[in-house]
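Reader: Hi! Could you walk me through this one? I'd like to start with the ligand.

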Amino acid sequence: MTIQKIAIAGSAGRMGQALLDAVTQAGDMQLCAALEQNDSPYLDKDSGELIGSSNGIRITHNYVSALVGCHQIIDFTRPAGTLAHLAACREAGVKMIVGTTGFSTTEKEMLKAASKDIAIVFAPNMSVGVNVTFKLLEIAAKVLNQGYDIEIIEAHHRHKIDAPSGTALRMGEVIAEATNRDLKKVAIYGREGVTGERADDTIGFSTIRAGDIVGEHTAMFAGTGERIEIVHKASSRMTFAMGAIRAVRFLKDKPNGLFDMQDVLGLR
Ligand SMILES: NC(=O)C1=CN([C@@H]2O[C@H](COP(=O)(O)OP(=O)(O)OC[C@H]3O[C@@H](n4cnc5c(N)ncnc54)[C@H](OP(=O)(O)O)[C@@H]3O)[C@@H](O)[C@H]2O)C=CC1
Ligand SMILES: O=C(O)C1=N[C@H](C(=O)O)C[C@H](O)C1
């Protein structure tokens, strides 16, 4: 068994701490580096202290040197951070698990371009449940293509900075593809004032930001006389972290290429 040496970016963040826990518990992985920004109050602290017991890996902002000797990085940070790490990983041949959301189309293209040289799993939601939900949506959307109004509602904690969530947007993409619609043309991101009646093919998005909600997503198909709702509720960030651990195992033998959690879970 080759032990996978793992770097964690944004290691002091909400997901970073769940990932520290998950990597520490994985028998086939070893923490190799814990990264933070250069103004982080956590720099030089033992990363293990964030999860209750020291591990000897000090938090650093020098990702270029820290990545030497790592096989993979798990990155749940911000687009600017992930793209900086991407360039270094491409140079050093380090594989990437990217959970960060909020990328522009151009930025996503940069991930795709780098995947010619390194293997990358990029997914807006790494929980098994959400990825099964994507499959359910595909089936529902194909059957409920006409006569049903489609709305996506998501709720997250008050600290989340991007909206709609990456998961909600992916839900929209899955539904649009299954119903032969172009999401760019049919998406409605919130409504206000005299909006007029709902246009048939639109897909509406609603966003809630409140308290400590981990992540909740509902896709609603509302017809005449009935309504179907497909709902996923995350109650712990460990569900995302455990998905990232599965992604590490999936990437172990991949030399390059861009994958998502549908690939990792064999749902493609
Ligand atoms: N794919 C999935 O399954 C999931 C994805 N996410 C996504 O993961 C990302 C992180 O979420 P969360 O952990 O809640 O956020 P946090 O703000 O708690 O953590 C982000 C971490 O990244 C650091 N960071 C921010 N900017 C940079 C940068 N430019 N370079 C390096 N590090 C940086 C932060 O440092 P500092 O605090 O100093 O700014 C912090 O430590 C979000 O995009 C979120 O949507 C979240 C959960 C699941
Ligand atoms: O920021 C979060 O917390 C989450 N972000 C992801 C998203 O934008 O979809 C996934 C999850 O819902 C938690």
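Reader: How do the residues of the shell around ligand 1 divide into nonpolar, polar and charged?
Author: The shell has nine nonpolar, 13 polar and three charged residues. Here Ala, Val, Leu, Ile, Met, Phe, Trp, Tyr, Cys and Pro count as nonpolar, Asp, Glu, Lys and Arg as charged, and the others, Gly among them, as polar. This is a predicted model: local features need pLDDT of at least 70, side-chain atom pairs count only at pLDDT 80 or more, and totals for chains, interfaces and linings use all residues. Residues are numbered from 1 along each chain as its sequence is written, while chains are lettered from A and ligands numbered from 1 in the order in which they are written.

Reader: Which residues come nearest to ligand 1?
Author: Gly 10, Gly 13, Met 15, Gly 81 and Gly 99 come nearest, out of 25 residues around the ligand. Two elements, α1 (14-25) and α3 (79-92), each give two or more residues to that shell. A residue is near a molecule or strand if its C-beta atom, placed from the backbone, lies within 6 Å of it.

Reader: And which element gives the largest share of the shell?
Author: That is α1, with three residues. Helices (H or I, at least four residues) and strands (E, at least two) are DSSP runs, numbered from the N terminus.

Reader: Let's stay on α1. Which of its residues are buried?
Author: Met 15, Gly 16, Ala 18, Leu 19, Leu 20, Ala 22 and Val 23. Buried means 20 or more other C-beta atoms within 10 Å of a residue's own, exposed means 12 or fewer, and partly exposed is in between, with C-beta atoms placed from the backbone.

Reader: What covers the buried residues of α1?
Author: The cover includes β1 (4-9), β2 (29-35), β4 (72-75) and α8 (238-251).

Reader: How far apart are the end C-alpha atoms of α1?
Author: They are 17 Å apart, which agrees with the 16 Å that its 12 residues should span at 1.5 Å a residue. The expected span is 1.5 Å times one less than the number of residues.

Reader: New topic. Which residues does the UniProt "binding site" annotation cover?
Author: The unreviewed UniProt entry lists His 157, Gly 166 and Thr 167. Such annotations may be inferred rather than shown by experiment; their positions follow the numbering used here, and feature names are shortened.

Reader: Where is His 157, then?
Author: His 157 is in the loop between β7 (149-156) and α6 (166-178). It counts as partly exposed because 13 other C-beta atoms lie within 10 Å. Leaving aside neighbours within four places in sequence, His 157 is in contact with Gly 211, Asp 212, Ile 213 and Val 214. Contact means that the C-beta atoms of two residues, placed from the backbone, lie within 7 Å.

Reader: And why does Gly 166 count as partly exposed?
Author: Because Gly 166 has 17 C-beta neighbours inside 10 Å. Gly 166 is found in helix α6. Apart from neighbours within four places in sequence, its contacts are Thr 101, Gly 102, Pro 124 and Asn 125.

Reader: Now the backbone. Which residues does a cis peptide bond join?
Author: Ala 163 and Pro 164, with omega about -10°. Pro 164 is found in the loop between β7 and α6. Most peptide bonds are trans, and most residues other than glycine have a negative phi.

Reader: What about the phi of Asp 44?
Author: Asp 44 has a positive phi of about 75°, although it is not a glycine. Asp 44 is in the loop between β2 and β3 (59-60), and it counts as exposed because it has 10 C-beta neighbours inside 10 Å.
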